[in-house]
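Have the model open in a viewer and keep the selection tool at hand. The stops below are given in the order in which to select them.

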Amino acid sequence: MTGSLEAEPARGAGPRAAPDRPVKVAHVVLALNVGGLERVVLRLLERTSRDRFAPVVCALQEPGALADELARLGVPLVVLSRKPGLDPGLPVRLAAWLRREGIRLVHTHNPGPHLYGALAASLARAASFAGGGGGPRVIHTKHGRNYPKQKRKVLVNRLAAALTDRVVAVSDDTRAVVLDVERVDPARVVTILNGVDPEVFRPGDARAARARLGIPDAGYHVGCVARLSPEKDHATLLTAFARLREVRPDAHLTVVGDGPVRPALEQQAARLGLGGAVLFTGTRGDVAELLPAFDVFALASLTEGISLTLIEAASAGLPIVATRVGGNPEIVKEGETGLLVSPGSPEPLAAALEAIAVRDDRAEVGMRGRARVIERFGIDRMVRAYEDLYAEVLRG
């Protein structure tokens, strides 16, 4: 990348920025809890050029389980403690903080932060213009489809987008929602695919990974990494796995993640008689080291923006069986890097898992998926795209 933002006129509160001062960027989130969105934010913070940008995180609800990572990254955190329900005072408090800190760019993540962040930036700009200055610009990353069939939520997203300089879609499917449902001006919509580090998520020693999990070395191993919430539809995965076990009694399922439906899923596994064939690990911080334990990665989601865990699994060289929803078909090339099935249907999911099990070229299927990740979903490509977008918006 060429050029320098530091010479641009300051658009935040206060006097012209010093030529050697990085631009302050505020990432507005609900909280840094365990999830794909939050991991994308952390990876972006980790690799953003500190010579050009000075990031800070503003959590509207609570720090979250991953907030300790910010100390390692040297990124400040502020928590504004949003009141339950609609908090009309929050945009005012957030706007005052933006002006006080001299924030020049607001980068929001998820619908709630988008609405509050865009309103606050507008208030901050109005106050700055009254004083003869500029104000912060707004970029929003749309990490998921965000309920395109719920009219009220669509209207809120449209309002927030009207106050936003650029809306980033993380997949072509998400972009379609932004354009066709939320009706955002195409000139203000950018697609930036989520990225992972293929040097971190890479093929490894299956035996060592299985020992790390405490699961049998032999057998056909199915893995899933996802938050245990209804939209991930682990219930269908468990039903499909029970049917797989009828023809593959050596099959084992490892479910990595935690969430509100875990007790129900554990009860379901017991009812299906899966016993020691299913392992619920809870949240793990060593997913990259665990992925080589699996022969196939399965994801039964009912909806997705673009699944970060699916990209991580492909980067680790795993063949994938996933539902044909959201951005999943943009990651999995049907028949070449894995198989796609209809959501909410155990029979096709079980059949696809069995089909992968008997493929002689299973390893090659996984490596083709890894090559696709390196080509399209690299972390450095993602970070460069965001930095270029920051520069463009700040110049506008």
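Select C224 to start: this cysteine is buried, at 2% relative accessibility, where buried means under 20% relative accessible area, exposed over 50% and partly exposed in between (1.4 Å probe, protein chains only). Then pick C58, which is also buried, with a relative accessible area of 0%. Searching the whole structure for disulfides gives zero, a disulfide being a pair of cysteine sulfur atoms within 2.5 Å.

The model is predicted: local features need pLDDT of at least 70, side-chain atom pairs count only at pLDDT 80 or more, and totals for chains, interfaces and linings use all residues. Residues are numbered from 1 along each chain as its sequence is written, and side-chain values use heavy atoms, with hydrogens and water left out.

Next, select residues 23-29, strand β1, in which six of the seven residues are buried. Helices (H or I, at least four residues) and strands (E, at least two) are DSSP runs, numbered from the N terminus.

Move to D295, in the loop between α10 (287-290) and β11 (296-299). D295 is buried, with a relative accessible area of 14%. Which side chain makes a polar contact with the side chain of D295? That of R210, at 3.2 Å; a polar contact is a pair of N or O atoms within 3.5 Å, and within protein one must be able to donate a hydrogen and the other to accept it, while residues adjacent in sequence count only if both atoms are side-chain atoms. A polar atom of the D295 side chain also lies 2.7 Å from the backbone nitrogen of H221.

Finish with V222, F241, L291 and F297, the residues with the most contacts inside the largest nonpolar core, which has 81 residues. Such a core is a set of buried Ala, Val, Leu, Ile, Met, Phe, Trp, Tyr and Cys residues joined through side-chain atoms within 4.5 Å. Helix α15 (residues 379-395) gives the most to this core, with eight residues.
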